[in-house]
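Hello,

Here is the structure I promised to pass on to you. Have a look at it first, and then read my notes below.

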Amino acid sequence: MIQVSRKEMVEIQVRINGKVYQERVEPRKLLSDFLREDCGLTGTHVGCEHGVCGACTVLVNGSAVRSCLMFAVQAAGTEIMTVEGLANDQPHPLQEVFNECHALQCGFCTPGILMSSVEFLNSNSDPTTDKIKEMLSGHLCRCTGYKGIIEAIEKVANRQKDGEKVDGSGDTV
Ligand code: FES
Ligand code: FES
């Protein structure tokens, strides 16, 4: 007798970087895999798949979330921002200063750090270096030694203090 295995699929709708995606997914599919495989948003990197490295961080309803620790079905109805949503016509201020400060080498950790930094700067208008280090403690970088990364985030924090908007919308005012 032939057994036909039928995968249960669930339809979800989610808004990512301002665009609505309606897809059928397996309930066990991770949000990180959904973003990369179903939506083609490969800027979200996958390192450990255990919530340790931070490479897969995206914003879900404005909060930094490790997309390898969340199922795609749990994201149904949410608003997600990935690294692809950061730049508008211009690079996002964080992307500019990461470049200026040589805050990346291979770039594997960078999308996750950028997304956490957006959330962090939204809720910390004048962060201390220790606060920045604390936020970065959830992100593993194999290349840069963190000095340039900290410097870059400090620079944007200072620009924000001077009135620049760093909200992840790609807008600068
Ligand atoms: S891939 Fe998600 S935290 Fe490492
Ligand atoms: S720049 Fe290579 S892992 Fe961070």
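**The largest pocket**

The largest pocket in this predicted model has a volume of about 160 Å³. A pocket here is an open set of points on a 1 Å grid over the protein atoms alone, where a 1.4 Å probe fits, with protein on both sides within 12 Å along at least five of seven lines; lining residues have an atom within 4 Å of a point. Grid points are joined across faces, edges and corners, and the volume is the space filled by probe spheres set on them.

Its lining consists of Asn17, Gly18, Leu59, Asn61, Gly62, Glu79, Ile80, Met81 and Gly85. Strand E5 (residues 79-81) gives the largest share, 3 residues. Strands (E, at least two residues) and helices (H or I, at least four) are DSSP runs, numbered from the N terminus.

**The strands**

Strand E1 (residues 10-16) pairs with strand E2 (residues 19-25) in the antiparallel sense over 7 bridges; pairing takes at least two DSSP bridges between two strands. Gln13 sits opposite Gln22 of E2. The two strands make a hairpin with 2 residues between them, and Asn17 in the turn has a positive phi of about 50°. E1 also runs parallel to E5, joined to it by 2 bridges, with Glu79 of E5 as the bridge partner of Arg15.

**Two helices**

In helix H3 (residues 110-123), 11 of the 14 residues are buried, meaning under 20% relative accessible area with a 1.4 Å probe, protein chains only. Among them are Ile113, Leu114, Val118 and Phe120. The buried residues of H3 pack against strands E3 (57-60), E4 (63-66) and E5, and against helices H2 (93-100), H4 (129-136) and H5 (147-161); contact means heavy atoms within 4.5 Å.

For H5, the 15 residues should span 21 Å, and the end C-alpha atoms are 21 Å apart, in agreement. Its buried residues, including Ile149, Ile153 and Val156, pack against H2, H3 and H4. Gly163 follows H5 and has a positive phi, near 110°.

**How to read the numbers**

Residues are numbered from 1 along each chain as its sequence is written, and chains are lettered from A and ligands numbered from 1 in the order in which they are written. As the model is predicted, local features need pLDDT of at least 70 and side-chain atom pairs count only at pLDDT 80 or more, while totals for chains, interfaces and linings use all residues; side-chain values use heavy atoms, leaving out hydrogens and water.

Best wishes

Definitions and conventions: Buried means under 20% relative accessible area, exposed over 50%, partly exposed in between (1.4 Å probe, protein chains only). The expected span of a helix is 1.5 Å times one less than its number of residues.
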